[in-house]
Amino acid sequence: MDFLHAQLAAIQHRLAFVQEDPIDWRTYVLVFSWGICFFESYLLLRQYPLYSKPAPPAVLADHFSPEVFNKSQKYGKHKAKFSIVSGLYKQFIDTLQLASGVYYPWVWTVSGQLLGRAGYGPEYLVCLKIGSICFLLTFISTLPTLPLGLYQTFVLEEQHGFNKTTLSLYFADMLKGWALGVFLGTPLLTAFLYIFEWAGDRFVPWVMMLLFVFRVPCLSHAYFLLRLIFQLSMIVLYPTIIQPLFNKLSPLPEGELRTRIEALASKLKFPLKHLYEIDGSKRSSHSNAYFFGLPWSKHIVIFDTLIKQSRPEEVEAVLAHELGHWYYLHPTKLLFVSQLHLFTILALFPAFLNAPPLLRSFGFPESVAARPPPIIAFLLYQMVLTPLEAIVGMALNAVSRRFEYQADRFACELPSILHAESAEEKEAMKDMGTRLGRALIGLHVENLSTVWVDWLYSAYHHSHPTLTERLKVLGEHGSEGLGKAE
Ligand SMILES: [Zn+2]
C-alpha cells in the first residue's frame with residue numbers, strides 16, 4: 001500500500017503545475033473537441049461513398065436480395081447524414097456553452113439559488129447540492145438535443161421500419177432515466193466526494209473499491225460524469241431492478257430451443273440459473289442475446305426478436321458464441337481493463353482538485369475559484385479528459401474485436417473443446433460455425449446493417465468486427481457454405 005501511495009504522490013508532484021500555472025484549459029478543451037468532431041466527420045466522409053455501391057461483397061451476394069441490399073444502403077446513408085448533422089449541431093451547442101464563459105458558473109449559481117429558495121442554505125448536505133447540479137446539467141443539456149432524439153426515433157428509425165416505441169413510452173423512458181440518474185448517481189457521487197475529504201491523498205484505493213461495487217462498465221466517452229450516472233450498471237441491481245423498469249423478462253418456454261441451450265450450458269459446466277426471453281421488440285426490432293450474474297449463478301437473456309428471426313439451432317450457435325466470452329473470461333478481463341482505466345483517471349484527479357486556474361479558465365468568479373468545490377473540479381476534470389477518452393475508446397474497441405474473433409472461434413471448435421467422443425455428439429456440434437454465420441447474416445439482413453464498412457471508420461466506432469470480416473474468419477475455421485446459396 002505504501003508503495004502505491006508513494007507512486008501516487010510522485011504523480012501529484014509532477015502535476016503540481018496544474019494548481020499554479022494559468023493554463024487556458026477552456027481553449028484546450030475547445031480545440032481538442034473540435035479536433036475530434038472533425039476527425040469523426042472525416043470518418044463519415046470516408047464511409048459515405050460506400051453507401052452508393054451497387055452490389056454487396058461477393059461473400060454476401062447470395063444472402064442479400066437486391067431489394068434488401070438497397071434498403072440497407074438507404075438506411076445507412078440516412079444514418080450517416082443524420083450523424084454528420086447531429087455531430088456538428090452538438091459540437092456547436094457545446095462550443096456555445098464553453099465559449100460563452102458563463103454557462104457552467106451560471107448552472108452552479110442557479111443550483112445554489114434553487115436550494116436556497118427551497119430553504120436549504122449552503123450549510124446543507126453536499127448531497128443536495130450535487131443532486132441539484134447534476135439534475136440541472138442533465139435537464140439543460142437534454143433540451144437542445146431533444147429534437148435530435150425525436151427525429152432519430154420517430155423519423156429515421158420509423159422510416160426504415162425499426163421504431164416500435166411510442167411518444168409516451170419515449171418520454172416515460174427519458175423520465176425514468178433521469179430519476180435513476182438522480183437517485184443512483186447522487187449518493188454515489190456524494191460518497192465519492194466524501195471519500196476525498198476523509199481519506200485525503202490516500203483516496204484512490206477507497207474510491208476504486210466503491211466503484212468496483214458499483215461496477216461501471218463504460219467509461220470510454222466524453223462526459224464521464226454523466227455516463228457514470230447513466231451507464232451505471234450494477235452486477236445485481238441492473239438486471240433485477242433497472243432492466244425490468246424498461247423491459248419484461250419472462251422465462252423461456254419449454255421447447256427445442258430451451259433444451260438445446262440447457263444441454264450446451266451443462267456440457268460447458270456454465271452455471272445457468274435462469275433462461276429468459278426479453279421483449280426487446282417493444283422498443284426496437286434490433287436483436288441480441290447476453291448473459292449476466294455472479295460467477296456461480298448466471299442468467300441468459302435472449303431477445304424475442306432473435307428467437308423470431310432465427311431457427312433454434314442458429315440461436316444455439318449465437319449462444320455458443322456468447323458462452324465463448326464466458327469460457328475465455330472476457331467480461332472479467334474487460335472489467336480489469338476498465339478498472340485500470342479508472343485507476344488512471346482517479347490517480348490524476350487530485351492535481352485538478354484544488355486548482356484555481358482550472359476554474360478561472362472556465363469563467364468561475366474568484367470567490368468560487370479560490371476554494372474549488374470538489375463537484376465542479378470533477379466536472380471540469382472530465383471535460384479536460386475528453387480527448388484522451390477518444391483514444392482509450394479506440395484501444396478498447398481493438399481489445400473487444402479480438403474477443404469477438406476468439407468467441408467465434410470457440411463456437412467453431414466446440415467439439416474439440418468439449419472433447420466430444422461419440423460420433424453423435426460430434427455430428428451435433430460440427431456445423432456450429434456455419435449456423436453462427438447464418439444467424440449473423442440473418443441478423444444483419446433483418447437489421448439492415450451496413451454491408452460495406454470503411455476499415456478506419458469501423459476501428460474507431462465499432463466494438464465488433466464487420467460481418468464480412470467475421471464470415472471470412474469463420475470460413476477459415478472450416479465453416480462451410482457461408483459464401484454460397486443454401
Ligand atoms: Zn460477442
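**Figure 1. Contacts of D408 in the predicted model.** Apart from residues within four places of it in sequence, D408 is in contact with H321, L436, R470, V473 and L474. This is a predicted model. D408 belongs to helix α17, which covers residues 374-412. D408 is buried, because 26 other C-beta atoms lie within 10 Å and the cut-off for a buried residue is 20 or more.

**Figure 2. The two positions annotated as active site.** The unreviewed UniProt entry places the feature "active site" at E322 and D408. These positions span 87 residues in sequence, yet no two of their C-alpha atoms are more than 8.8 Å apart, so they gather at one spot. E322 sits in helix α12, residues 312-327. With 22 C-beta neighbours inside 10 Å, E322 is counted as buried. Neighbours within four places in sequence aside, the contacts of E322 are A289, Y290 and F291.

**Figure 3. Packing of helices α17 and α22.** The axes of α17 and α22 are 10 Å apart and form an angle of about 35 degrees. The crossing of α17 past α22 is right-handed. On the α17 side the contact is made by Y405, D408 and C412, and on the α22 side by R470, V473 and L474.

**Figure 4. The largest nonpolar core.** This core has 36 residues, and those touching the most other members are I302, V318, L319, A320, A411, M432 and L436. At least two residues of the core come from each of α10 (256-267), β2 (272-278), β3 (289-294), β4 (297-303), α12, α17, α20 (432-446) and α22 (467-476). Apart from this core lies another, of 33 residues, including L358, I376, A377 and L385. In soluble globular proteins, nonpolar side chains tend to be buried together.

**Figure 5. Surroundings of I302.** I302 is among the residues that touch the most other members of the largest nonpolar core. When neighbours within four places in sequence are set aside, I302 is in contact with L252, E277, A289, I307 and V315. A289 is also listed among the contacts of E322.

**Figure 6. Two loop residues with positive phi.** Most residues other than glycine have a negative phi. K269 is not a glycine, yet its phi is positive, at about 60 degrees. K269 lies in the loop between α10 and β2. With 9 other C-beta atoms within 10 Å, K269 is exposed. L329, also not a glycine, has a positive phi of about 60 degrees. L329 lies in the loop between α12 and α13 (330-348). L329 counts as exposed because it has 12 C-beta neighbours inside 10 Å, and the limit for an exposed residue is 12 or fewer.

Figure 7. The chain contains 22 helices and four strands. Of its 486 residues, 27% count as buried. Among contacts between residues at least 6 apart in sequence, 75% join residues at least 24 apart. The mean pLDDT is 80, and 87% of the residues reach 70 or more. Over residues 215-235 the pLDDT is below 50, and this stretch has 45 contacts in the model beyond near neighbours in sequence. Where pLDDT is low, the predicted coordinates should not be read in detail.

Definitions and conventions: Residues are numbered from 1 along each chain as its sequence is written. UniProt positions are given in the numbering used here, feature names are shortened, and annotations may be inferred rather than shown by experiment. Two residues are in contact if their C-beta atoms, placed from the backbone, lie within 7 Å. A nonpolar core is a set of buried Ala, Val, Leu, Ile, Met, Phe, Trp, Tyr and Cys residues joined through C-beta atoms within 7 Å. pLDDT is the predictor's confidence in each residue, from 0 to 100. Axes are lines fitted to C-alpha atoms, for helices over the stretch in contact, and angles run from 0 to 180 degrees between N-to-C directions. A crossing is left-handed if the near helix is turned anticlockwise from the far one by less than a right angle, and right-handed if clockwise.
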